[in-house]
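Please look over the model below. A short report on its folds and contacts follows.

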Amino acid sequence: MTATSTGVGLAGGGLLARPAAAATDDELAFANFGAATELLLRDFYGRAGTAKLFAGSLGKALARGRFAATEHGVALATLLTDAGQTAPLEDDFEFAWPAGTFVARKPAATAGLTIAEALLGAYLTAAATSPTASSRVLFSSLAASLGEQRSTLALARGRLTIGNSFPAALELETASAAVESFLG
Amino acid sequence: MRRLGYILTAIVLAVAAALAGAESARPQQGQLTIYAAASLTEAFRALDPSRQYNFAGSNALETQIRQGAPADIFASATPASTQNLFRAGLVEKPVTFTANRLALIVPKSNPAGIRSVYDLRTKPVKLVIASQGVPVGGYTRTVLRKMGLLSVLGKVVSEESDVKAVTGKVALGQADAGFVYVTDARPVSDQVTVVRIPAWAQPQVRYEIAVVARSTNKTAARQWIRTLLATRGQTALRNAGFLPPPKTAP
């Protein structure tokens, strides 16, 4: 695998996948959803950190999740702007967290899990349906990262860290509906 | 006789003075002509029913002002129109005063069975939208582009000149679905059902307002805009379903 053939490049000190070919309408739709929902997930991690709900290695893992959400957002925003679209910004949204989300570990982790699983499912579908290899690399790597985050959030929630053997690939409509109430 | 002459002269002078006073007061209180995006119809009329309004698509109003139409204030559903006029020196510096969201509306009877925006892709549907040049028409295409649904433009049976025309066609059952602002669905809520568009697919719908440079009534126009930006104006907009100006707005 080379940077040229896959469109994978270094940016911002991290390895960000970036499709080299023009993205299709469907890929851009997944990118739009992903970019907005990564902002939501970043906000989640930030609030969970501020609330100091998770200590030790779990707290550090969730802080790393915030960093991943930031990097994912940058990669997806780049995909959108390269295609002539406008990438979403945090100020575009009024995130709506249910009352009590960040007062205890369980409701916080449950909210985080909902978002992570929606993103994971959407990225799996995007990876499976993208017609270009470079886009499949991007969405597959995003899905892999979200799988890790799902596992960490499951641990925070008190569930098994390895859940379904085959996480569900979600249609964009289904994934969108799962997080709509948080996006405001 | 002479006394009667004095009285008549006094009456004539008093009437003349009253008329002169009315003329000088007119620019302050009357004849303020406001050109505003069609979507602002209900909110502006509720805020101030006494003014003279011209509601239409913002692009059409921009053209009219370029051609010298006698507007004192221009309120646009897109910053593009106000900024174009500002660059041309035809309006004073615009300010953002509110925001909006898009929605898909279907007739109450919902003959096409539309429950989600994604249904537009799979179901046979007569779709009505605004023309590309009209702000809501541009925003509609942005929503469809973001959702990967540009293919549904093939189901458009009519392109309208402003959002009220889109709303009317759906409300009357002449179309199965149409894209409008959330605020346009409210006045016809007994005739249409709103299908929500996801937040991540929403465009940034920002309204700007400016005093028209050739207005002869600038003091009153500026005062009207101050009222719109103050609590009373913002409450009227909120009551009509508009959103506060975005945090990033100038």
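Which residue is the bridge partner of B:Ile73 in strand 10 of chain B? The partner is B:Val211. The report starts from that pair.

## Basis

This is a predicted model, in which local features need pLDDT of at least 70, side-chain atom pairs count only at pLDDT 80 or more, and totals for chains, interfaces and linings use all residues. Residues are numbered from 1 along each chain as its sequence is written, while chains are lettered from A and ligands numbered from 1 in the order in which they are written.

## The sheet around strand 10 of chain B

B:Ile73 lies in strand 3 (residues 73–76) of chain B, which pairs with strand 10 (residues 205–211) of chain B in the antiparallel sense over 4 bridges. Two strands pair if DSSP finds at least two bridges between them. Helices (H or I, at least four residues) and strands (E, at least two) are DSSP runs, numbered from the N terminus.

The open sheet has 5 strands, ordered 2-1-3-10-4, with mixed pairing. Its edges are strand 2 (52–56) and strand 4 (95–100) of chain B, each pairing on one side only. The twist averages 20 degrees from one strand to the next. Axes are lines fitted to C-alpha atoms, for helices over the stretch in contact, and angles run from 0 to 180 degrees between N-to-C directions.

Two helices pack on this sheet. Helix 3 (residues 58–66) of chain B touches strand 1 (33–37), strand 2 and strand 3 of chain B, and its direction makes about 145 degrees with that of strand 1 of chain B. Helix 4 (residues 79–87) of chain B touches strand 3 and strand 10 of chain B, at about 30 degrees to strand 10 of chain B. Contact means C-beta atoms, placed from the backbone, within 7 Å.

## The sheet 7-6-8-5-9 of chain B

Another open sheet of chain B has 5 strands in the order 7-6-8-5-9, again with mixed pairing. Strand 7 (156–160) and strand 9 (192–196) of chain B are the edges. Neighbouring strands are turned by 35 degrees against each other on average, direction ignored.

Inside it, strand 6 (residues 127–130) and strand 8 (residues 177–181) of chain B pair in the parallel sense over 2 bridges. B:Val128 stands opposite B:Gly178. Helix 7 (residues 163–171) of chain B lies across strands 5, 6, 7, 8 and 9 of chain B, at about 140 degrees to strand 8 of chain B.

## Helix packing in chain A

Helix 4 (residues 105–129) and helix 5 (residues 133–157) of chain A have axes that come within 8 Å and cross at roughly 160 degrees. They are therefore roughly antiparallel to each other (angles over 145 degrees count as such). Their contact residues divide into 16 nonpolar, 5 polar and 6 charged. Ala, Val, Leu, Ile, Met, Phe, Trp, Tyr, Cys and Pro count as nonpolar, Asp, Glu, Lys and Arg as charged, and the others, Gly among them, as polar.

Helix 4 of chain A also packs with helix 6 (residues 172–183) of chain A at about 160 degrees, axes 9 Å apart. The contact includes A:Ala118 and A:Gly121 of helix 4 of chain A, and A:Ala178 and A:Phe182 of helix 6 of chain A. By class, there are 8 nonpolar, 2 polar and no charged residues.

## Confidence and chain contact

Mean pLDDT (the predictor's confidence in each residue, from 0 to 100) is 88 for chain A, and 89% of its residues reach 70 or more. Over residues 1–15 of chain A, pLDDT stays under 50.

The contact between the chains takes 15 residues from chain B and 18 residues from chain A. The chain B side has 8 nonpolar, 4 polar and 3 charged residues.

Notes: Angles under 35 degrees count as roughly parallel, over 145 as roughly antiparallel, 65 to 115 as roughly perpendicular and the rest as oblique.
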